[in-house]
Amino acid sequence: MPAERMDDGTGAVRSSVLPGGLRVITEALPSVRSVAFGIWAGVGSCDEDLAHAGATHYLEHLLFKGTRRRTAMEISAEMDAVGGELNAFTGKEYTCYYARVLDADLPLAIDVLSDMVTSSLIEPKDVDAERGVILEEIAMNDDDPSDTVHEAFVGKLFGDTPLGRPILGTVDSINTITRDQIAEHYQARYTPDHLVVAAAGSLDHDDVVEQARRAFAHVLTGDSRPAGPRMATPGGPPAAAGAVPGDPARGVTLVSRGIEQANLVLGCGGLSRTDDRRFALGVLNAALGGGMSSRLFQEVREKRGLAYSVYSFTSQHADTGMWGIYVGCLPSKADDVLSICRDEIAKVVSGGLSDAELDRGKGQVRGSMVLGLEDPSSRMSRLGKSELVYPRLEPVDEILASIEAVSHEAVRSVAEEVLTRPKVLAVVGPYDDDAPFINALA
């Protein structure tokens, strides 16, 4: 199939579809001498049932352990020999294997990553060895209270659904999952129609397509079309409409730890990634807790010295999202901090933002997005992620125009819609009882 130019606003992005539905998307950046290359799989922890909890991340580890052509050592050594970077990550809705190399070494990166993704052996001995590594990773996250409180928040907000479960799995699920279950997950999810090859940097699109065609030749069979973008999260998370089911007091989750600091996340359901109001929520979030000039930073840290770290955040998924505030403070200051957070939420719901806050919020969102696209790796990530989860690749100028168009009315409307939703509070700290925190949800 001939290459198509995608409407990215620059003319540098091109895409092709190979037999079996494999998509190849590239962006030429003539000013650099490197290439970021990634293979994106349209599978994340949201696609797991209970029997396969943690399988997606487990599989990410195992694909580095050897293929029919290469041992684990050879995979590492070939990339090290050219100074290349090789890594991977697993998300809720996708997995990515990526490399960054000099432009002359792109054929090697394509060959190594495609071999890993399509021809992993998943040997029983590697499954057993990596089980311990993943358990160590879970333990490492559990030792970081800021990670723990965010995990607890997500679990409480979305409940026992694929979206609410940890990407890493749990100690029980990792201890019980079998090699055959992981291999089953691999064979079902890593098919060409669910894969995207993305590359950005010093490259020629037609060359990348031809190299991908050769590297994936043994799996490019049939007449499958590319899978469409993810439009719904399996399992229907209970917070999709922004509601926490049951008694609001049950929205408190406490992880008792003998540590010196209280870690708090107060938040609620947010917006999906295709909701047009996400731009207004992003501007509101930036003004409320996105920087040193934000209301929360000024009120909590600068004026009162109650916390070192305080910020708000928002994120989107296919049919839902979340918004929240994180604070790390002395345990004795938690009540004061939560009271200020409630007050600031109420103020922005009732009064919106000032002109200066609206302008700063827009500027922060614009700058963060554009500065985040200044290197080949971020450009590659934009291509791969957009192909898997968005209906189309949105031109940067179009996104910037949507941010600039955010009005006071739009901010007030989204604040009233989102920030008034029933809240979840996650707490990690030296507390024995969650009763004192129930009022924070009032």
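1. Asp111 has 22% relative accessibility, so Asp111 counts as partly exposed; that class lies between buried, under 20% relative accessible area, and exposed, over 50% (1.4 Å probe, protein chains only). The term means a side-chain nitrogen of Lys or Arg within 4 Å of a carboxyl oxygen of Asp or Glu. Arg70 lies in the loop between helix H1 (55-62) and helix H2 (72-80), and Asp111 in helix H3, so the pair ties together parts 41 residues apart in sequence. Helices (H or I, at least four residues) and strands (E, at least two) are DSSP runs, numbered from the N terminus.

2. A note on the basis. This is a predicted model: local features need pLDDT of at least 70, side-chain atom pairs count only at pLDDT 80 or more, and totals for chains, interfaces and linings use all residues. Residues are numbered from 1 along each chain as its sequence is written, and side-chain values use heavy atoms, with hydrogens and water left out.

3. The whole structure holds 28 salt bridges. One of them joins Arg295 and Glu357, with the closest N and O atoms 2.7 Å apart. This pair links distant parts of the chain: Arg295 in helix H10 and Glu357 in helix H12, 62 residues apart. Arg295 counts as buried at 16% relative accessibility. Glu357 counts as buried at 12%.

4. Helix H10 (residues 295-303) buries Arg295, Leu296, Phe297, Glu299 and Val300. Their cover includes helices H9 (278-289), H11 (334-351) and H12 (355-371), and strands E10 (307-316) and E11 (321-329). Just after H10, Gly305 takes a positive phi of about 60°.

5. Asp193 deserves a look. Asp193 sits in the loop between helix H7 (179-189) and strand E7 (195-201). Asp193 is buried yet has no salt bridge; Arg23, the nearest side chain of opposite charge, is 7.3 Å away. For charge, Lys and Arg count as positive and Asp and Glu as negative; His and the chain ends are not counted. Beyond four places in sequence, the contacts of Asp193 (heavy atoms within 4.5 Å) include Gly20, Ser224 and Pro226.

6. The largest nonpolar core has 47 residues, and Tyr190 and Phe216 have the most contacts inside it. Such a core is a set of buried Ala, Val, Leu, Ile, Met, Phe, Trp, Tyr and Cys residues joined through side-chain atoms within 4.5 Å. Helix H3 (residues 106-119) gives the most to this core, seven residues.
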